[in-house]
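Here are my notes on the model you asked me to look over. Have it open beside you as you read.

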Amino acid sequence: MDRITQEACNRQRILAHAEKKGVTDAANRYGCSRKTVYKWKKRYDGTVESLKDQSRAPHHMPRKQTQEELTQVLRYAKRYAGDFLLGYEKARANGYSRSYGCFKRTVYKTIRPEKKRRRWKNKPYQRAEYPGEKIQMDVKFVPSYCVANGEKYYQFTAKDECTRWTYREPFRTRISRKITSITANMPSMPRPMMSRVFRKA
């Protein structure tokens, strides 16, 4: 079911509620105006299709280009594809009365198709190939019921992504300088590499 059909079914439920409780109660419950409920009630003929949004396109466009003008635009746009201004001047000399902007918009709509936007594709995540390449870092507050002395603590957790080796240590303050004491306890990694990784984390 698409979005338009879902909205039409929702309007059908509003009208069913209005038949039982009244228009005012239905408008207050579903967050719409009484005028809107009456509009749907007037349009409703028993089917969901009648409650769908109708087209807002105008029935009559007095300034719409005629078929003869469209034929002129296509003929001169194809003949002078490299210079639309020259094609417009030639069309004006043969009876075309519209502006250059109208001429160019018509060319882009009819001859040149719209470019499709490329969807962004996320790159696949690359796992760590050796210990110490990537480290996951997390800091969280330790609840008071988990602490015996009543003081506040922050738990720093470091996990090596390659070996899944995990190290945890509590601190009383939440500052990045405490990371150096964690790196001193991480095995299987050179200390400079560990310090660089944790500073970026």
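1. First, the ground rules. This is a predicted model, where local features need pLDDT of at least 70, side-chain atom pairs count only at pLDDT 80 or more, and totals for chains, interfaces and linings use all residues. Residues are numbered from 1 along each chain as its sequence is written, and side-chain values use heavy atoms, with hydrogens and water left out.

2. The overall make-up. The protein has 8 helices and 3 strands; these are DSSP runs (helices: H or I, at least four residues; strands: E, at least two), numbered from the N terminus. Reading from the N terminus, the order is α-α-α-α-α-α-β-β-β-α-α.

3. Burial and surface. Of the 201 residues, 27% are buried (under 20% relative accessible area; exposed is over 50% and partly exposed in between, with a 1.4 Å probe and protein chains only). The accessible surface comes to about 15,800 Å², with 49% of it belonging to carbon and sulfur atoms (Shrake-Rupley method, 1.4 Å probe; for residues, only the protein chains shown count as cover).

4. The sheet. The 3 strands make an open, antiparallel sheet in the order E1-E2-E3 (strands pair if DSSP finds at least two bridges between them). E1 (135–141) and E3 (166–171) are the edge strands, each pairing on one side only. Strand E2 (residues 154–160) pairs with E3 over 6 bridges, and one detail to look up is Gln-155, whose bridge partner in E3 is Pro-170.

5. Helix H2. Which residues of H2 are buried? They are Val-23, Ala-26 and Ala-27. Seen down the axis of H2, these buried residues fall within an arc of 100°, so they line one face of the helix (the arc is that of the directions from the helix axis to the C-beta atoms). As background, an α-helix has 3.6 residues a turn, so residues three or four places apart point the same way.

6. Around H2. Helix H1 (3–21) and helix H3 (34–43) are among what covers the buried residues of H2. On the face turned away from the buried side sit the exposed residues Asn-28 and Arg-29. Just after H2, Gly-31 has a positive phi of about 70°.

7. Asp-25. This residue lies in H2, which spans residues 23–30. Asp-25 is partly exposed, at a relative accessible area of 35%. Asp-25 and Ile-14 are 11 residues apart in sequence and 9.8 Å apart in space, C-alpha to C-alpha.

Conventions
Contact means heavy atoms within 4.5 Å.
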